[in-house]
Amino acid sequence: MESSSTQASSVVPFGETISLDQYVREIENLSKGLITKQAIADLVLRYRIPAEDLARHKSWNPAKHTRNLIFRNQMIELMLICWNSGTVTPLHTHNGQLGWMVVVEGTLLVENYRMKNCNKPENQQVVGIDCVAGATEIDMELLGTEKVTPWSALNTVDKTQTIHRILNPPEHGGPAVSLHIYSQPIDSCVVFDMENQRCARRDLSYDTKPE
Ligand SMILES: [Fe+2]
């Protein structure tokens, strides 16, 4: 995930507060046309959502981050992710999809990686998913680490930069919350176990959904 250097030119980043309902309507409208990285970036960089609108979508698990669905259709999904102190994702891909993330509370670290080599590159030649996984030799390069604070930056994943992990280290001293958009929705991804030199597909699910 890279911090996008793209800024909406005519507006103060995150300067306009709108309700979560309105935000969802705008995302839904954009999802009816051609979805580009820039189009969603412009939307995300423009708006800020009141904390009270997001509060009803929060849930917490001491052992892991929680994925809380706000909106989904065939083309796009919006979710709130809650990170207890010390939670960390495995190193993972995004199934060839595009993703946009904004931290709304606390501070997260994003580590971006690039796969240099694996011993099953042919497993990426598959329709509908990014890779069937199953490699037993994986060479991964850490490209950089970003520290992200609330409403300060847009982080993205795309077809070029798809591997990262996200951490809320204990030294940050508290929970964090982030807003994520994915297009198309991501129902599974590849996770990497670098210590044991393995990768595998993992199904993704939601901890909470709208009523
Ligand atoms: Fe991710």
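Among contacts in the protein between residues at least 6 apart in sequence, 78% join residues at least 24 apart; two residues are in contact if their C-beta atoms, placed from the backbone, lie within 7 Å. The structure is a predicted model, in which local features need pLDDT of at least 70 and side-chain atom pairs count only at pLDDT 80 or more, while totals for chains, interfaces and linings use all residues. Residues are numbered from 1 along each chain as its sequence is written. The pLDDT is the predictor's confidence in each residue, from 0 to 100. Its mean over the protein is 95, and 95% of the residues reach 70 or more. Over residues 1–5, the pLDDT is below 50, and this stretch has 17 contacts in the model beyond near neighbours in sequence.

The secondary structure consists of 3 helices and 14 strands. Helices (H or I, at least four residues) and strands (E, at least two) are DSSP runs, numbered from the N terminus. The protein has a radius of gyration of 17 Å, close to the 17 Å that the globule rule gives for 211 residues, so it is as compact as a globular protein of that length. This radius is taken over C-alpha atoms, and the globule rule is 2.2 Å times the number of residues to the power 0.38. Along the principal axes, the C-alpha atoms fill a box of roughly 50 × 40 × 35 Å.

Of the 211 residues, 34% count as buried. A residue is buried if 20 or more other C-beta atoms lie within 10 Å of its own, exposed if 12 or fewer, and partly exposed in between, with C-beta atoms placed from the backbone. In soluble globular proteins, nonpolar side chains tend to be buried together. A nonpolar core is defined here as a set of buried Ala, Val, Leu, Ile, Met, Phe, Trp, Tyr and Cys residues joined through C-beta atoms within 7 Å. The largest such core has 45 residues, of which V44, L80, L108 and I181 touch the most other members. Elements that give two or more residues to this core include α1, α2, β5 (77–83), β8 (108–118) and β13 (188–193). Strand β5 gives the most, with 6 residues.

Helix α2 (residues 37–46) has I40, V44 and L45 as its buried residues. They cover an arc of only 130° around the axis, which puts them on the same side of α2; the arc is that of the directions from the helix axis to the C-beta atoms. The cover over these buried residues includes α1 (20–30), β7 (98–105) and β12 (176–183). Within α2, V44 counts as buried because it has 23 C-beta neighbours inside 10 Å. Not counting residues up to four places away in sequence, V44 touches W100, V102, L154 and I181. V44 and V102 are 58 residues apart in sequence, and their C-alpha atoms are 7.9 Å apart in space.

Most residues other than glycine have a negative phi, and most peptide bonds are trans. A cis peptide bond joins S183 and Q184, with omega about -5°. Q184 is in the loop between β12 and β13. W151 has a positive phi, near 45°, and is not a glycine. This residue lies in the loop between β9 (138–148) and β10 (155–157), and W151 counts as partly exposed, with 17 C-beta neighbours inside 10 Å. Q197, also not a glycine, has a positive phi of about 55°. Q197 is in the loop between β13 and β14 (198–203) and counts as partly exposed, with 14 C-beta neighbours inside 10 Å.
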